[in-house]
Amino acid sequence: MLNLADQGMSVTFISSEVEEMLRTCSRMGVMRDGKKVGELTGDDLSQEGVMKAIAGGDGNE
């Protein structure tokens, strides 16, 4: 998966393992109850950013 991303390919990866996602993603969409509640990139792509999105979103939809 990481080799494909290094080659410029887009990879969709679905997981509930936040630590794993943070290690492998450059952008993350967060869903709750089947709805998108956030999209995180850059400095927002952190454990805290994910938890904020899950808890109630922060307007980054």
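**Fold and surface of a predicted model**

Of the contacts in the protein with a separation of 6 or more, 21% join residues 24 or more positions apart; contact means heavy atoms within 4.5 Å. The model is predicted: local features need pLDDT of at least 70, side-chain atom pairs count only at pLDDT 80 or more, and totals for chains, interfaces and linings use all residues. Residues are numbered from 1 along each chain as its sequence is written, and side-chain values use heavy atoms, with hydrogens and water left out.

The secondary structure comprises three helices and two strands. Their order along the sequence is α-α-β-β-α. Helices (H or I, at least four residues) and strands (E, at least two) are DSSP runs, numbered from the N terminus. Mean pLDDT, the predictor's confidence in each residue from 0 to 100, is 85 for the protein. Among the elements, H1 has the lowest mean (82) and strand E2 (residues 35-41) the highest (90).

The C-alpha trace spans about 35 × 25 × 20 Å along its principal axes. Buried residues make up 20% of the 61 residues. Buried means under 20% relative accessible area, exposed over 50%, and partly exposed in between (1.4 Å probe, protein chains only).

Leu4 lies in helix H1 (residues 2-6). Leu4 is partly exposed, because its relative accessible area is 40%.

Asp33 sits in the loop between strand E1 (27-32) and E2. Its phi is near 55°, a positive value in a residue other than glycine. Most residues other than glycine have a negative phi. With a relative accessible area of 74%, Asp33 is exposed.
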